[in-house]
Amino acid sequence: MNLETWFLIIYFLAMAGIGVWTLKTGNKGAEGYLLGGRSLGPAVTALRLQSSSMSGYMFLGAGSLAYTKGYFSLWYAMGDIGGGVLSLSILGRRMRKLSQILGSLTSIEYLEHRYPSKWIRAIAAPVAVFCIFFYVMSQFIAGGRGLEMVTGVPYAWALLIAVGVIVFYTFLGGYLAVAYTDFVQAIIMLIGMIWILIGTMQAIGGWTAGNDAVGEINPNLLTMWGPEGFGSVQWGVIIGAVLVFSIGYMGWPHVNVSHMAMKRPSVARTASMYATGFNLLFIPAPYIVGIMALIILPNLDNPELAVFEVADTVLPNFAVGIVMAGIMAAIMSTADALLLQSGTIASQDLFQRFIKKDVSDSQSVWVSRFTVLILAIIGYVVAVNDPPAVAEVVIFSTTVLGAAFVPVYIAAAWWKKANVPGAISSMVLGTVSSVVWQLAGLVDVTGVDPMGIGIVCSTLALILVSLATQKSHPVPAHVVAALKETDKIGAIPAHMLTGQNDALAAQVPKDD
């Protein structure tokens with residue numbers, strides 16, 4: 001067994017150990033399993049948010065885009081760098097406070113409480129599960145490919161090992177296990193990626209020499225206009241590339257739940273600084289490595305393996321093990337968050353809401369756990385038989401999530417006139433427009449990215465329909481009162497928590 005494999009075994013055991021360690025909190029009812037008891041501080045909040053949104057895309061998709069598109073790929077990086085701080089700044093404090101006032105335990109339940117109608121959850125939950133399933137499948141594929149390359153184990157078995165470890169600790173510890181493993185994984189990701197970048201720069205003789213060599217292959221690769229130059233630029237695609245990983249974050253349920261799990265609303269401010277620092281150090285690296293892989297590996301058959309292959313080429317054996325643990329960290333930190341969010345939606349937003357309303361907390365937790373297991377099995381079967389390109393799957397699923405949910409999440413916390421018909425119209429039109437735009441091939445015809453058209457459609461629908469239906473569907477008085485309280489900086493008054501369960505009421509922040 002090689003050194004890299006031993007490093008990965010130690011890493012997997014450590015992640016499983018965190019799952020066992022957090023088992024006690026995960027068994028403390030729905031809030032303990034789904035939100036970790038709303039106990040997370042700024043560092044864990046920030047790195048959990050960032051690592052769960054980075055995914056295997058950063059090590060496979062980003063490298064692939066950079067290898068094929070050159071510096072054009074940095075449009076995606078630009079959006080990603082600002083995504084975390086935008087989400088925390090715009091939604092963080094307000095969503096934490098409003099979700100507690102309304103008594104929400106999931107990010108989909110939060111939408112129904114803000115826009116009181118069963119149809120909100122009936123529409124939002126299936127859309128979220130559909131997109132999250134494809135997203136998590138891409139993480140399984142990335143994990144399987146990474147393990148296959150490092151250990152030499154056949155893809156099917158490597159995929160099974162990766163999925164098994166993720167399911168184990170998510171099944172046991174719930175949100176707290178996901179949060180703390182994501183925190184550790186973010187640190188490992190950062191160390192691993194910077195190490196690859198340093199090794200790459202040394203191998204090509206430095207930044208200037210590397211760019212000169214790339215320019216000899218194709219001078220257009222050194223520009224942000226793509227390999228065919230400025231004349232082929234599709235500005236709509238560029239706008240979508242920036243949007244999908246910047247404001248798109250605010251439509252991802254598995255990211256927004258981070259706001260709800262903060263110890264207190266004021267955590268968002270400090271978490272924003274941690275998130276920005278992490279992003280500036282981490283995000284540009286895989287794109288730069290992917291570009292420079294053109295020099296190190298000029299005849300690479302599969303561009304998605306650019307970062308993997310560069311790491312294996314430029315680093316000593318002992319370092320490759322640590323770096324591969326970093327790559328697996330990126331993959332697992334997103335997969336666990338997605339799996340838990342899927343289980344949460346199934347147990348709280350579908351089963352308990354529409355099938356068995358009197359389900360106990362312990363039953364709800366077990367429904368969530370078994371959903372995690374079932375989705376993992378289905379995802380494994382699909383991924384092992386016909387693995388699609390990771391970058392394409394990630395961009396498609398995150399685009400639909402962003403188009404469907406960004407306007408309703410932002411308006412939920414900021415606009416007192418946003419109502420039920422407006423929210424329903426926004427989610428439906430955002431989803432349909434982005435999916436149709438992609439599947440009908442309208443990106444190539446119009447030069448407009450599905451994220452761009454989806455956000456425009458969902459935003460206009462929310463504003464126009466909400467304004468047109470103010471008299472027939474006014475925003476309920478208790479929601480308006482909650483929004484007014486959310487505007488304020490300070491502790492939540494006790495009377496605003498009347499009717500909540502004891503676990504929620506006990507979480508009143510002492511300061512803001």
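The charged end of Arg94 sits over the ring of Trp414, 3.7 Å from the ring centre; to count, CZ of Arg or NZ of Lys has to be within 6 Å of the ring centre and within 35 degrees of the ring normal. Keep in mind that this is a predicted model, where local features need pLDDT of at least 70 and side-chain atom pairs count only at pLDDT 80 or more, while totals for chains, interfaces and linings use all residues. Residues are numbered from 1 along each chain as its sequence is written, and side-chain values use heavy atoms, with hydrogens and water left out.

Now step back to the whole chain. It has 23 helices and zero strands; these are DSSP runs numbered from the N terminus, with helices being H or I of at least four residues and strands E of at least two. Of its 512 residues, 61% count as buried, that is, under 20% relative accessible area, with exposed meaning over 50% and partly exposed in between (1.4 Å probe, protein chains only).

The structure holds five aromatic pairs, where rings of Phe, Tyr and Trp (its six-membered ring) pair if their centres lie within 6.5 Å, and planes under 30 degrees apart count as stacked, over 60 as edge-to-face and the rest as tilted. One of the pairs is Tyr71 with Trp207, edge-to-face at 6.4 Å centre to centre and 70° between the planes. Tyr71 lies in the loop between helix 5 (61-69) and helix 6 (74-102), and Trp207 is in helix 10 (residues 207-217), so this pair ties together parts 136 residues apart in sequence. Tyr71 is buried at 8% relative accessible area, whereas Trp207 is partly exposed at 43%.

Next up are Trp75 and Trp225: their ring centres are 6.3 Å apart and their planes at 40°, so the pair is tilted. This pair also links distant parts of the chain, with Trp75 in helix 6 and Trp225 in the loop between helix 10 and helix 11 (235-244), 150 residues apart. Trp75 counts as buried at 13% relative accessibility, while Trp225 is partly exposed at 28%. Elsewhere, ring pairs link Tyr110, Phe405 and Tyr409 into a cluster.

Stay with helix 6 for a moment. Helix 6 packs against helix 13 (residues 267-282) at an angle of about 175°, with the axes 8 Å apart; axes are lines fitted to C-alpha atoms, for helices over the stretch in contact, and angles run from 0 to 180 degrees between N-to-C directions. The two helices are therefore roughly antiparallel, the word for angles over 145 degrees, with under 35 being roughly parallel, 65 to 115 roughly perpendicular and the rest oblique. Among the contact residues are Gly84, Leu88 and Gly92 of helix 6, and Ala271, Ala275 and Asn279 of helix 13.

Finally, look at Ser434 in helix 19 (residues 420-439). Ser434 is buried, with a relative accessible area of 1%. Leaving aside residues up to four places away in sequence, Ser434 touches Thr399, Val400, Ala403, Pro450 and Gly454. Of these, Thr399 sits in helix 18 (residues 390-414) and is buried too, at 5% relative accessibility.

Key:
Contact = heavy atoms within 4.5 Å.
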